[in-house]
Amino acid sequence: MSQGPRSGLAAVSSALLAMSRHLEVRDVLKTIVASARELLDAQYAALGVPDDHGGFAQFVVDGVSDAQWKAIGPLPRQHGILAAMLHEAKAERLADVRKDPRFEGWPAAHPDMSDFLGLPIRDGDEVIGALFLANKNCPKRDGSCGFTEEDEELLSILAQHAAIALTNARLYERSRELTIAEERSRLAHELHDAVAQKLFSLRLTAQAAATLVDRDPSRAKGELQQVAALAAEAADELRAAVVELRPAALDEDGLSATLRTQIQVLDRAHTARVTFTGRGFRALPAAQEEAMLRVAQEALHNALRHSGAEHVAVTLERRGCGAVLRVTDDGSGFEPQSIRRAGRHLGLVSMRDRTSGVGGTLTVESAPGKGTTIEMEVPGG
(Lines give C-alpha, C1' and ligand atoms only; values in the text may rest on other atoms or scores of the structure.)
Protein backbone atom coordinates (compact mmCIF):
# COMPACT_ATOMS: atom_id res chain seq x y z
CA MET A 1 0.00 0.00 0.00
CA SER A 2 2.04 2.85 -1.31
CA GLN A 3 0.06 5.55 0.51
CA GLY A 4 -0.06 3.78 3.88
CA PRO A 5 -2.86 2.02 5.75
CA ARG A 6 -5.28 4.93 5.37
CA SER A 7 -5.46 4.38 1.62
CA GLY A 8 -6.26 0.71 2.21
CA LEU A 9 -9.07 1.49 4.64
CA ALA A 10 -10.42 4.15 2.30
CA ALA A 11 -10.57 1.63 -0.54
CA VAL A 12 -12.40 -0.95 1.60
CA SER A 13 -14.78 1.72 2.90
CA SER A 14 -15.42 2.95 -0.64
CA ALA A 15 -16.42 -0.53 -1.78
CA LEU A 16 -18.81 -1.02 1.14
CA LEU A 17 -20.26 2.45 0.73
CA ALA A 18 -21.02 1.71 -2.92
CA MET A 19 -22.85 -1.43 -1.88
CA SER A 20 -25.10 0.54 0.45
CA ARG A 21 -25.83 3.35 -2.00
CA HIS A 22 -25.85 1.68 -5.44
CA LEU A 23 -28.13 -1.13 -6.46
CA GLU A 24 -27.24 -1.30 -10.15
CA VAL A 25 -24.75 -4.12 -10.55
CA ARG A 26 -22.44 -2.34 -13.01
CA ASP A 27 -22.04 0.70 -10.72
CA VAL A 28 -21.07 -1.57 -7.85
CA LEU A 29 -18.62 -3.56 -9.96
CA LYS A 30 -16.89 -0.39 -11.17
CA THR A 31 -16.35 0.70 -7.57
CA ILE A 32 -14.99 -2.72 -6.57
CA VAL A 33 -12.51 -2.70 -9.46
CA ALA A 34 -11.34 0.86 -8.84
CA SER A 35 -10.96 0.11 -5.13
CA ALA A 36 -8.91 -3.02 -5.83
CA ARG A 37 -6.55 -1.13 -8.13
CA GLU A 38 -6.11 1.68 -5.59
CA LEU A 39 -5.72 -0.68 -2.64
CA LEU A 40 -3.01 -2.78 -4.28
CA ASP A 41 -1.43 0.08 -6.26
CA ALA A 42 -1.69 -1.72 -9.61
CA GLN A 43 -1.72 -0.29 -13.11
CA TYR A 44 -4.69 -2.38 -14.28
CA ALA A 45 -7.67 -4.10 -12.66
CA ALA A 46 -10.67 -5.98 -14.02
CA LEU A 47 -13.65 -8.00 -12.86
CA GLY A 48 -15.44 -10.50 -15.07
CA VAL A 49 -18.83 -12.13 -14.50
CA PRO A 50 -19.14 -15.21 -16.73
CA ASP A 51 -22.18 -16.11 -18.78
CA ASP A 52 -23.35 -19.62 -19.68
CA HIS A 53 -21.85 -19.57 -23.17
CA GLY A 54 -18.09 -19.36 -22.64
CA GLY A 55 -17.95 -15.56 -22.52
CA PHE A 56 -18.64 -12.85 -19.95
CA ALA A 57 -22.03 -11.33 -19.16
CA GLN A 58 -20.21 -8.35 -17.61
CA PHE A 59 -16.59 -7.27 -17.74
CA VAL A 60 -15.43 -4.12 -15.95
CA VAL A 61 -11.92 -2.64 -16.21
CA ASP A 62 -10.01 0.17 -14.51
CA GLY A 63 -6.77 1.71 -15.78
CA VAL A 64 -7.72 1.42 -19.46
CA SER A 65 -9.01 4.47 -21.32
CA ASP A 66 -12.27 4.40 -23.28
CA ALA A 67 -10.30 4.68 -26.53
CA GLN A 68 -8.05 1.75 -25.57
CA TRP A 69 -11.02 -0.36 -24.53
CA LYS A 70 -12.78 0.31 -27.82
CA ALA A 71 -9.64 -0.58 -29.79
CA ILE A 72 -9.19 -3.87 -27.91
CA GLY A 73 -12.42 -5.19 -29.40
CA PRO A 74 -14.91 -7.81 -28.15
CA LEU A 75 -15.03 -9.00 -24.56
CA PRO A 76 -12.61 -11.81 -23.72
CA ARG A 77 -13.70 -15.44 -23.74
CA GLN A 78 -13.22 -17.86 -20.86
CA HIS A 79 -9.78 -19.23 -21.71
CA GLY A 80 -6.23 -19.22 -20.40
CA ILE A 81 -5.71 -17.70 -16.96
CA LEU A 82 -9.31 -16.44 -16.80
CA ALA A 83 -10.63 -19.95 -17.33
CA ALA A 84 -8.25 -21.29 -14.68
CA MET A 85 -9.59 -18.89 -12.07
CA LEU A 86 -13.20 -19.68 -12.98
CA HIS A 87 -12.90 -23.45 -13.26
CA GLU A 88 -10.07 -24.32 -10.84
CA ALA A 89 -11.29 -21.74 -8.31
CA LYS A 90 -7.89 -20.84 -6.88
CA ALA A 91 -5.73 -17.73 -6.64
CA GLU A 92 -3.16 -17.04 -9.36
CA ARG A 93 -0.07 -14.94 -8.53
CA LEU A 94 2.41 -14.83 -11.42
CA ALA A 95 5.70 -12.98 -11.98
CA ASP A 96 4.98 -12.76 -15.72
CA VAL A 97 1.61 -13.84 -17.06
CA ARG A 98 3.03 -13.95 -20.59
CA LYS A 99 5.35 -16.83 -19.65
CA ASP A 100 2.62 -18.99 -18.15
CA PRO A 101 1.91 -22.06 -20.33
CA ARG A 102 -1.81 -21.26 -20.21
CA PHE A 103 -1.30 -17.78 -21.68
CA GLU A 104 -2.95 -17.52 -25.11
CA GLY A 105 -2.06 -13.96 -26.07
CA TRP A 106 -4.23 -10.87 -26.38
CA PRO A 107 -5.37 -8.41 -29.08
CA ALA A 108 -2.86 -5.99 -30.61
CA ALA A 109 -4.37 -2.98 -28.82
CA HIS A 110 -4.30 -4.72 -25.42
CA PRO A 111 -1.91 -3.10 -22.91
CA ASP A 112 1.23 -5.08 -22.09
CA MET A 113 1.01 -6.85 -18.74
CA SER A 114 3.57 -8.78 -16.70
CA ASP A 115 3.06 -9.52 -13.00
CA PHE A 116 -0.47 -10.71 -12.28
CA LEU A 117 -2.73 -11.41 -9.32
CA GLY A 118 -6.18 -12.92 -9.69
CA LEU A 119 -8.82 -14.50 -7.46
CA PRO A 120 -12.15 -16.21 -8.11
CA ILE A 121 -15.27 -14.57 -6.68
CA ARG A 122 -17.31 -17.12 -4.75
CA ASP A 123 -20.88 -17.21 -3.56
CA GLY A 124 -20.78 -20.28 -1.36
CA ASP A 125 -19.50 -23.11 -3.54
CA GLU A 126 -20.33 -21.30 -6.79
CA VAL A 127 -17.71 -19.27 -8.66
CA ILE A 128 -19.57 -16.25 -9.99
CA GLY A 129 -16.68 -14.16 -11.31
CA ALA A 130 -13.00 -13.34 -11.31
CA LEU A 131 -11.19 -10.28 -9.92
CA PHE A 132 -7.65 -9.65 -11.07
CA LEU A 133 -4.89 -7.05 -11.27
CA ALA A 134 -1.73 -6.57 -13.34
CA ASN A 135 1.48 -4.51 -13.23
CA LYS A 136 2.12 -3.65 -9.59
CA ASN A 137 3.60 -0.16 -9.28
CA CYS A 138 6.76 -1.10 -7.41
CA PRO A 139 10.40 -2.08 -8.07
CA LYS A 140 10.71 -5.74 -9.03
CA ARG A 141 13.67 -8.05 -8.94
CA ASP A 142 14.27 -10.15 -12.02
CA GLY A 143 11.88 -13.09 -12.11
CA SER A 144 9.88 -11.95 -9.10
CA CYS A 145 6.25 -10.91 -8.80
CA GLY A 146 5.46 -7.43 -7.52
CA PHE A 147 2.32 -8.71 -5.81
CA THR A 148 2.86 -10.15 -2.32
CA GLU A 149 1.03 -12.54 -0.04
CA GLU A 150 -0.39 -9.50 1.77
CA ASP A 151 -1.72 -8.24 -1.58
CA GLU A 152 -3.37 -11.60 -2.14
CA GLU A 153 -5.02 -11.41 1.27
CA LEU A 154 -6.27 -7.89 0.59
CA LEU A 155 -7.64 -8.92 -2.80
CA SER A 156 -9.39 -11.83 -1.12
CA ILE A 157 -11.28 -9.33 1.03
CA LEU A 158 -12.28 -7.36 -2.05
CA ALA A 159 -13.35 -10.57 -3.79
CA GLN A 160 -15.68 -11.31 -0.88
CA HIS A 161 -17.09 -7.79 -1.18
CA ALA A 162 -17.63 -8.37 -4.89
CA ALA A 163 -19.60 -11.56 -4.18
CA ILE A 164 -21.79 -9.67 -1.73
CA ALA A 165 -22.31 -6.82 -4.20
CA LEU A 166 -23.25 -9.17 -7.02
CA THR A 167 -25.70 -11.09 -4.86
CA ASN A 168 -27.35 -7.93 -3.55
CA ALA A 169 -27.61 -6.39 -7.01
CA ARG A 170 -29.17 -9.55 -8.43
CA LEU A 171 -31.70 -9.57 -5.61
CA TYR A 172 -32.56 -5.98 -6.43
CA GLU A 173 -32.96 -6.73 -10.12
CA ARG A 174 -35.20 -9.63 -9.27
CA SER A 175 -37.27 -7.40 -7.01
CA ARG A 176 -37.89 -5.03 -9.92
CA GLU A 177 -39.30 -7.88 -11.98
CA LEU A 178 -41.80 -9.10 -9.39
CA THR A 179 -44.96 -7.08 -9.86
CA ILE A 180 -47.91 -8.93 -8.37
CA ALA A 181 -48.98 -7.31 -5.09
CA GLU A 182 -49.23 -10.57 -3.14
CA GLU A 183 -45.56 -11.35 -3.97
CA ARG A 184 -44.33 -8.35 -2.01
CA SER A 185 -44.16 -10.04 1.40
CA ARG A 186 -42.52 -13.18 -0.01
CA LEU A 187 -39.77 -11.20 -1.74
CA ALA A 188 -39.20 -9.02 1.33
CA HIS A 189 -38.65 -12.16 3.42
CA GLU A 190 -36.27 -13.57 0.80
CA LEU A 191 -34.30 -10.33 0.63
CA HIS A 192 -34.07 -10.15 4.41
CA ASP A 193 -32.75 -13.70 4.83
CA ALA A 194 -30.26 -13.65 1.95
CA VAL A 195 -28.93 -10.15 2.52
CA ALA A 196 -28.66 -10.56 6.28
CA GLN A 197 -26.47 -13.62 5.80
CA LYS A 198 -24.26 -11.85 3.27
CA LEU A 199 -23.88 -8.74 5.37
CA PHE A 200 -22.88 -10.84 8.36
CA SER A 201 -19.98 -12.11 6.25
CA LEU A 202 -19.23 -8.54 5.26
CA ARG A 203 -18.84 -7.51 8.89
CA LEU A 204 -16.43 -10.38 9.47
CA THR A 205 -14.47 -9.30 6.41
CA ALA A 206 -14.26 -5.73 7.66
CA GLN A 207 -12.90 -7.01 10.96
CA ALA A 208 -10.30 -9.04 9.07
CA ALA A 209 -9.12 -5.86 7.34
CA ALA A 210 -8.13 -4.46 10.76
CA THR A 211 -5.46 -7.14 11.11
CA LEU A 212 -3.70 -5.72 8.03
CA VAL A 213 -3.23 -2.29 9.61
CA ASP A 214 -0.06 -1.79 11.63
CA ARG A 215 -0.28 1.97 12.13
CA ASP A 216 -2.66 3.64 14.57
CA PRO A 217 -4.74 0.50 15.15
CA SER A 218 -7.15 2.24 17.51
CA ARG A 219 -8.18 4.71 14.82
CA ALA A 220 -8.34 1.96 12.23
CA LYS A 221 -10.71 -0.08 14.35
CA GLY A 222 -12.89 2.98 14.86
CA GLU A 223 -13.17 3.44 11.11
CA LEU A 224 -14.02 -0.21 10.62
CA GLN A 225 -16.83 0.15 13.14
CA GLN A 226 -18.24 2.84 10.87
CA VAL A 227 -17.95 0.43 7.97
CA ALA A 228 -20.01 -2.09 9.93
CA ALA A 229 -22.64 0.61 10.48
CA LEU A 230 -22.75 1.23 6.72
CA ALA A 231 -23.34 -2.47 6.18
CA ALA A 232 -26.32 -2.34 8.54
CA GLU A 233 -27.70 0.62 6.59
CA ALA A 234 -27.31 -1.36 3.37
CA ALA A 235 -29.45 -4.13 4.85
CA ASP A 236 -32.18 -1.60 5.71
CA GLU A 237 -32.14 -0.19 2.20
CA LEU A 238 -32.32 -3.59 0.55
CA ARG A 239 -35.29 -4.61 2.66
CA ALA A 240 -37.16 -1.75 0.98
CA ALA A 241 -35.98 -2.60 -2.53
CA VAL A 242 -39.30 -3.91 -3.92
CA VAL A 243 -40.08 -1.16 -6.40
CA GLU A 244 -41.55 -0.50 -9.82
CA LEU A 245 -44.74 -2.56 -9.57
CA ARG A 246 -45.42 -1.69 -13.20
CA PRO A 247 -42.45 -1.01 -15.54
CA ALA A 248 -42.35 2.60 -16.75
CA ALA A 249 -41.55 1.48 -20.31
CA LEU A 250 -44.81 -0.47 -20.44
CA ASP A 251 -46.83 2.63 -19.56
CA GLU A 252 -44.92 4.82 -21.99
CA ASP A 253 -44.38 2.53 -24.98
CA GLY A 254 -46.86 -0.33 -24.70
CA LEU A 255 -46.26 -4.07 -24.68
CA SER A 256 -45.09 -4.59 -28.25
CA ALA A 257 -42.44 -1.84 -28.19
CA THR A 258 -41.26 -2.83 -24.70
CA LEU A 259 -40.82 -6.46 -25.70
CA ARG A 260 -39.03 -5.49 -28.90
CA THR A 261 -36.54 -3.31 -26.98
CA GLN A 262 -35.84 -5.92 -24.31
CA ILE A 263 -35.36 -8.66 -26.90
CA GLN A 264 -32.90 -6.52 -28.86
CA VAL A 265 -30.83 -6.18 -25.67
CA LEU A 266 -30.96 -9.94 -25.03
CA ASP A 267 -29.94 -10.66 -28.61
CA ARG A 268 -26.82 -8.54 -28.17
CA ALA A 269 -25.99 -10.00 -24.75
CA HIS A 270 -26.25 -13.70 -25.61
CA THR A 271 -24.75 -15.94 -28.25
CA ALA A 272 -28.20 -17.34 -29.01
CA ARG A 273 -30.19 -15.51 -31.69
CA VAL A 274 -33.24 -13.85 -30.12
CA THR A 275 -35.92 -12.44 -32.43
CA PHE A 276 -39.25 -10.66 -32.06
CA THR A 277 -42.22 -10.49 -34.43
CA GLY A 278 -45.38 -8.46 -33.78
CA ARG A 279 -48.49 -8.93 -35.93
CA GLY A 280 -51.56 -6.70 -35.69
CA PHE A 281 -51.26 -6.28 -31.94
CA ARG A 282 -53.41 -3.65 -30.28
CA ALA A 283 -53.39 -2.29 -26.76
CA LEU A 284 -54.78 -4.51 -24.00
CA PRO A 285 -55.91 -3.75 -20.44
CA ALA A 286 -52.90 -2.81 -18.32
CA ALA A 287 -53.02 -5.93 -16.14
CA GLN A 288 -53.00 -8.22 -19.18
CA GLU A 289 -50.07 -6.41 -20.83
CA GLU A 290 -48.08 -6.58 -17.61
CA ALA A 291 -48.80 -10.31 -17.18
CA MET A 292 -47.77 -11.02 -20.78
CA LEU A 293 -44.50 -9.11 -20.32
CA ARG A 294 -43.64 -11.06 -17.16
CA VAL A 295 -44.44 -14.42 -18.76
CA ALA A 296 -42.28 -13.49 -21.76
CA GLN A 297 -39.40 -12.52 -19.46
CA GLU A 298 -39.65 -15.78 -17.50
CA ALA A 299 -39.81 -17.88 -20.66
CA LEU A 300 -36.85 -16.02 -22.18
CA HIS A 301 -34.82 -16.47 -19.00
CA ASN A 302 -35.43 -20.23 -19.08
CA ALA A 303 -34.57 -20.51 -22.76
CA LEU A 304 -31.36 -18.47 -22.55
CA ARG A 305 -30.07 -19.77 -19.22
CA HIS A 306 -31.11 -23.39 -19.14
CA SER A 307 -32.00 -24.79 -22.57
CA GLY A 308 -28.79 -24.27 -24.56
CA ALA A 309 -30.90 -22.90 -27.41
CA GLU A 310 -29.30 -21.42 -30.52
CA HIS A 311 -32.47 -19.53 -31.52
CA VAL A 312 -35.31 -18.13 -29.42
CA ALA A 313 -38.29 -16.63 -31.27
CA VAL A 314 -40.91 -14.42 -29.61
CA THR A 315 -44.15 -13.56 -31.43
CA LEU A 316 -47.00 -11.33 -30.30
CA GLU A 317 -50.16 -11.27 -32.41
CA ARG A 318 -53.79 -10.27 -32.24
CA ARG A 319 -56.42 -12.98 -31.81
CA GLY A 320 -59.99 -11.73 -31.78
CA CYS A 321 -60.31 -9.07 -29.12
CA GLY A 322 -57.27 -10.40 -27.29
CA ALA A 323 -53.73 -11.51 -28.08
CA VAL A 324 -51.37 -14.48 -28.15
CA LEU A 325 -47.77 -14.49 -26.94
CA ARG A 326 -45.53 -17.32 -28.10
CA VAL A 327 -41.93 -18.04 -27.01
CA THR A 328 -40.25 -20.87 -28.94
CA ASP A 329 -36.70 -22.18 -28.56
CA ASP A 330 -34.70 -24.95 -30.23
CA GLY A 331 -32.98 -25.98 -27.02
CA SER A 332 -32.74 -29.21 -25.07
CA GLY A 333 -36.39 -29.26 -24.03
CA PHE A 334 -37.76 -31.22 -21.08
CA GLU A 335 -40.50 -33.60 -20.03
CA PRO A 336 -43.08 -31.41 -18.22
CA GLN A 337 -44.40 -34.25 -16.03
CA SER A 338 -40.89 -35.16 -14.86
CA ILE A 339 -40.14 -31.54 -13.98
CA ARG A 340 -43.34 -31.37 -11.94
CA ARG A 341 -42.65 -34.65 -10.09
CA ALA A 342 -39.11 -33.52 -9.27
CA GLY A 343 -40.42 -30.35 -7.67
CA ARG A 344 -38.68 -28.16 -10.28
CA HIS A 345 -40.95 -25.83 -12.15
CA LEU A 346 -38.66 -23.58 -14.26
CA GLY A 347 -41.04 -20.72 -13.44
CA LEU A 348 -44.03 -22.57 -14.89
CA VAL A 349 -46.12 -22.16 -11.73
CA SER A 350 -45.49 -18.42 -11.72
CA MET A 351 -46.34 -18.18 -15.44
CA ARG A 352 -49.57 -20.12 -14.97
CA ASP A 353 -50.55 -17.98 -11.98
CA ARG A 354 -49.92 -14.77 -13.90
CA THR A 355 -51.90 -16.05 -16.86
CA SER A 356 -54.91 -17.27 -14.91
CA GLY A 357 -54.90 -14.05 -12.89
CA VAL A 358 -55.84 -12.09 -16.03
CA GLY A 359 -58.31 -14.65 -17.40
CA GLY A 360 -55.89 -16.20 -19.88
CA THR A 361 -54.65 -19.67 -20.75
CA LEU A 362 -51.08 -21.00 -20.85
CA THR A 363 -49.91 -23.94 -22.97
CA VAL A 364 -46.49 -25.56 -22.63
CA GLU A 365 -45.19 -27.94 -25.28
CA SER A 366 -41.79 -29.55 -24.80
CA ALA A 367 -39.94 -32.84 -25.05
CA PRO A 368 -36.29 -33.83 -24.50
CA GLY A 369 -34.27 -32.77 -27.52
CA LYS A 370 -37.26 -31.09 -29.17
CA GLY A 371 -37.13 -27.56 -27.79
CA THR A 372 -39.93 -25.75 -25.98
CA THR A 373 -42.91 -23.60 -26.96
CA ILE A 374 -44.79 -21.56 -24.37
CA GLU A 375 -48.01 -19.94 -25.56
CA MET A 376 -50.09 -17.48 -23.55
CA GLU A 377 -53.48 -16.24 -24.73
CA VAL A 378 -55.49 -13.45 -23.09
CA PRO A 379 -59.04 -12.39 -23.94
CA GLY A 380 -58.55 -8.64 -24.18
CA GLY A 381 -60.95 -6.07 -22.77
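User: Which residue of E5 stands opposite Tyr-44?

Analyst: Ala-134 does. Keep in mind that this model is predicted.

User: What makes strand E1 and strand E5 a pair?

Analyst: The rule asks for at least two bridges between two strands. Strand E1 (residues 42-50) and strand E5 (residues 126-136) share six bridges, so they pair under that rule. The sense is antiparallel.

User: What holds paired strands together in general?

Analyst: Strands of a sheet pair through backbone hydrogen bonds, in a parallel or an antiparallel way.

User: In what order do the strands of the sheet with E1 and E5 lie?

Analyst: The order is E2-E1-E5-E4-E3, and this open sheet has antiparallel pairing. Its edges are strand E2 (56-62) and strand E3 (92-94).

User: Why are E2 and E3 called edge strands?

Analyst: Each of the two pairs on one side only. From one strand to the next, the twist averages 10°.

User: Which helices lie across this sheet?

Analyst: Helix H2 (residues 25-40) lies across E1, E2, E4 and E5, at about 40° to E2. Helix H4 (residues 80-88) lies across E1, E2, E3, E4 and E5, at about 140° to E5.

User: Why is the pair of Phe-56 and Phe-59 called edge-to-face?

Analyst: Start with distance. Ring centres must lie within 6.5 Å to pair, and these lie 5.3 Å apart. Now the angle. Planes over 60 degrees apart count as edge-to-face.

User: What makes the link between the side chains of Asp-151 and Lys-136 a polar contact?

Analyst: The distance limit for the N or O atoms is 3.5 Å. These two side chains meet at 3.2 Å, which is within that limit. Leaving aside neighbours within four places in sequence, Asp-151 is in contact with Leu-40, Leu-117, Lys-136 and Gly-146.

User: What makes strand E8 and strand E10 a pair?

Analyst: Again, at least two bridges are needed. Strand E8 (residues 322-329) and strand E10 (residues 372-378) have seven, in the antiparallel sense. One example is Ala-323, whose bridge partner in E10 is Val-378.

User: Which helices meet the sheet with E8 and E10?

Analyst: Helix H10 (residues 286-306) packs on it, touching E6, E7, E8, E9 and E10. The direction of H10 makes about 5° with that of E8. Helix H9 (residues 255-269) lies across E6, E7 and E8, at about 165° to E6.

User: In what order do the strands of that sheet lie?

Analyst: The order is E6-E7-E8-E10-E9, in an open sheet with mixed pairing. Strand E6 (273-279) and strand E9 (361-366) are its edges, each pairing on one side only.

User: Why is Cys-138 called partly exposed?

Analyst: Partly exposed lies between buried, under 20%, and exposed, over 50%. Cys-138 has 28% relative accessibility, so it falls in between. Cys-321 has 48%, so it is partly exposed too.

User: How many disulfides does a search of the whole structure find?

Analyst: It finds zero. A disulfide needs two cysteine sulfur atoms within 2.5 Å.

Definitions and conventions:
Residues are numbered from 1 along each chain as its sequence is written. This is a predicted model: local features need pLDDT of at least 70, side-chain atom pairs count only at pLDDT 80 or more; totals for chains, interfaces and linings use all residues. Side-chain values use heavy atoms; hydrogens and water are left out. Helices (H or I, at least four residues) and strands (E, at least two) are DSSP runs, numbered from the N terminus. Contact means heavy atoms within 4.5 Å. Axes are lines fitted to C-alpha atoms, for helices over the stretch in contact, and angles run from 0 to 180 degrees between N-to-C directions. A polar contact is a pair of N or O atoms within 3.5 Å; within protein, one must be able to donate a hydrogen and the other to accept it, and residues adjacent in sequence count only if both atoms are side-chain atoms. Rings of Phe, Tyr and Trp (its six-membered ring) pair if their centres lie within 6.5 Å; planes under 30 degrees apart count as stacked, over 60 as edge-to-face and the rest as tilted. Buried means under 20% relative accessible area, exposed over 50%, partly exposed in between (1.4 Å probe, protein chains only).
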